[in-house]
Amino acid sequence: MPTFETEAIPGIAASPGMAIGKVHQFKRGKIVVEATAKDPTVEETRLRQAIASAQVQLEDLYKDVEARSGASKAAIFLAHQEFLNDPDLLSEAIDGLKHHHSAGWAWQQAIEQRASALEQLNDPLLAERAVDLRDVGRRVLRLLAETIEEERTLPGHPVILLAEDLTPSDTAGLDPALTLGICTSAGGPTSHTAIIARSLDIPAIVGAGPAILHLADGTPCILDGTNGNLYPNPTEADRVTAQTALKDLHALREAERLACYQPALMTDGHRVEVVANIGAAIEAEQAVNAGAEGIGLLRTEFLFLQRSEPPSEEEQFAAYSQMTQALNGLPLIVRTLDIGGDKEIPYLNLPAEENPFLGVRGIRLCLVQPDLFKTQLRAIFRASQTGLIKIMFPMIATLEDLHAARKLAEEVRQEVGAEPVEIGMMVEVPSAVVMADEFAKIVDFFSIGTNDLTQYVLAMDRGHPILAKQADGLHPAVLRMIHQTVQAAQAEGKWVGVCGGIAGDPKGAAILAGLGVTELSVSIPSVAAVKAKIRGMSFAQTQDLAKRALACRSAQEVRALS
């Protein structure tokens with residue numbers, strides 16, 4: 001680990017790696033609209049045309065991000081489209097055209113009133129949607145603007161990008177070839193910026209505070225995404241140190257890439273399976289090519305979004321079969337549909353919920369819409385005859401829900417005439433941990449979703465502008481939950497995987513292995529590095545690290561362990 005004499009601006013490590021270069025402040029131009037207009041009818045036409053144009057832009061963005069980073073990363077733009085499909089929002093804006101206000105003014109007022117209302121809710125999960133609403137609102141507003149003042153374009157040469165935070169639209173426009181690194185003053189390790197940076201393999205720091213916003217464009221900096229530090233105006237000695245470290249890192253990455261097909265076998269023979277999280281059929285082959293030993297989490301939501309009716313059994317069967325063929329005998333763990341009231345899907349007729357993350361989502365939705373659930377299960381069981389498939393139920397909180405889901409699955413299996421498959425459950429809520437000894441008697445495996453578990457254990461939204469820095473999956477409270485789950489599983493002879501963000505963090509991967517987790521499911525770009533990290537340690541070393549992590553009092557103490 002390189003050490004520097006230059007004083008650091010500390011943040012939170014979001015995406016590993018190092019960057020050396022000059023910074024560029026990412027600032028959005030000020031959109032100027034006229035307050036008044038002569039003809040309300042003309043303004044309504046302008047508004048509707050701008051919304052339609054924004055829908056086309058979002059559709060293009062979805063396809064572009066899906067091709068580059070996968071359907072799961074692109075899904076945010078489906079949510080943005082749903083904002084624009086909201087008839088109440090349009091009605092509010094049209095009402096604002098009265099008294100000869102302009103389309104731009106009326107739209108701006110409607111968006112701001114709705115976003116402010118969301119921010120006032122006593123629920124950080126819903127309040128955070130205000131960021132997305134303003135993002136999509138700004139997209140329409142640009143199309144209605146008379147002028148955009150101080151419009152800033154990204155330079156045509158590589159820079160370290162600094163920003164207060166980056167919206168989904170901002171990150172979608174990033175060119176990885178011109179983005180050496182990213183550092184934001186807000187956000188946490190599971191924020192949108194962090195997730196996108198990892199998927200694009202761009203070193204990143206989040207939550208670095210307002211000090212970075214005062215750095216002038218062109219200021220030379222060293223960005224250490226692995227340790228979460230930004231070093232402005234480094235000394236010549238530090239630049240040499242960073243260049244050496246960067247050269248060594250490139251050599252290490254190349255070595256990891258060349259060894260990516262080797263198993264994650266520890267120095268004392270203990271093995272951990274490293275598999276991939278995917279959200280599209282095409283990603284199965286990409287995962288295998290990156291060295292993944294299977295798929296630990298298939299997010300099936302990509303089949304259900306952005307459409308007017310649910311996918312047919314045949315369509316789902318074709319997608320799952322395409323993946324089993326690409327995996328050629330490697331396991332595919334299919335998570336059944338995990339959506340709820342936070343996503344507007346017209347054909348499901350879901351009522352708006354005050355708190356959708358505590359409402360009808362995941363397995364609860366599937367149980368209240370059994371026809372939807374059975375169609376998916378039929379497709380999965382049929383596909384299980386083409387390859388090694390395991391089924392995983394999301395958001396299991398009670399034994400009753402698990403029994404009901406298993407009962408339906410068994411009925412469908414017998415109808416299809418398929419052989420039994422392993423059936424597991426996600427561990428994402430505290431009740432699943434507390435009752436893990438009972439759940440372990442029923443399921444074949446656990447997969448811990450640390451992103452949601454962290455939110456529910458700490459009662460902190462990972463996207464909240466203030467709390468995100470503290471919503472860290474390496475918090476001892478979360479690690480102790482994982483430890484309790486593993487112990488319960490081992491008592492029944494069951495295995496435990498982790499498919500959350502900390503599984504792709506090298507330190508997190510080592511701690512999880514030491515806790516007894518036997519499968520790490522990570523983003524495709526992280527596969528080689530995680531396997532290399534595991535191969536470089538003994539099981540005894542990871543157990544010692546895990547023991548020390550469990551004794552820590554904060555996430556900062558855990559991250560400081562060596």
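Begin by selecting helix α10, residues 236–258, in this predicted model. Helix α10 lies across the strands β3 (18–25) and β9, and its direction makes an angle of about 120 degrees with that of β3.

Strand β9 covers residues 220–224 and strand β10 covers residues 229–232, and the two pair in the antiparallel sense over four bridges. If you label I222, you will find Y231 of β10 standing opposite.

Now widen the view to the sheet around these strands. Eight strands make up an open sheet with mixed pairing, and their order is β1-β10-β9-β3-β6-β7-β8-β2. The strands at the edges are β1 (9–10) and β2 (12–15), and each has a single partner strand, so one side of each is left without a neighbour in the sheet.

Next, colour the chain by domain. The domain assignment gives domain 1 as 9–27 + 152–252, domain 2 as 32–146 and domain 3 as 260–560. The contact between domain 1 and domain 2 takes 10 residues from domain 1 and 12 residues from domain 2, while the centres of these two domains, taken over C-alpha atoms, are separated by 29 Å.

Move on to helix α4, residues 87–95, and show its side chains. Which residues of α4 are buried? They are L89, L90 and A93. Seen down the axis of α4, these buried residues fall within an arc of 100 degrees, so they line one face of the helix. An α-helix has 3.6 residues a turn, so residues three or four places apart point the same way. On the face of α4 turned away from the buried side, select P87 and D88, which are exposed. At the start of α4, look also at D86, where a side-chain oxygen reaches to within 2.9 Å of the backbone nitrogen of D88.

Then select T45, which lies in helix α1, residues 40–69. T45 counts as partly exposed because its relative accessibility is 39%. If you draw a line from the C-alpha of T45 to that of E422, it spans 55 Å in space, and the two residues are 377 residues apart in sequence.

The following stop is Q376, in helix α14, residues 370–383. Is Q376 buried or exposed? With a relative accessibility of 0%, Q376 counts as buried. Leaving aside neighbours within four places in sequence, show the residues in contact with Q376, which are T300, F304, Q316, Y320, R335, T336 and L337.

Now select strand β19, residues 519–522, where both faces are covered. On one side E519 and S521 are buried, and on the other L520 and V522 are buried as well. In a regular strand the side chains alternate between the two faces of the sheet.

Finish at P506, in helix α20, residues 506–515. P506 counts as partly exposed, because its relative accessibility is 30%. From P506 to Q262 the distance is 17 Å, C-alpha to C-alpha, although the two residues are 244 residues apart in sequence.

Note on methods. Residues numbered from 1 in each chain as written. Predicted model: local features only at pLDDT ≥ 70, side-chain atom pairs only at ≥ 80, totals over all residues. Heavy atoms only, no water. Pairing = 2+ DSSP bridges. Contact = heavy atoms within 4.5 Å. Axes fitted to C-alpha atoms, helices over the stretch in contact; angles between N-to-C directions. Buried < 20%, exposed > 50% of the residue type's maximum accessible area, 1.4 Å probe, protein only. Arc of directions from axis to C-beta. Polar contact = N/O pair within 3.5 Å; in protein donor to acceptor, adjacent residues only side chain to side chain. Domains from an automatic or database assignment.
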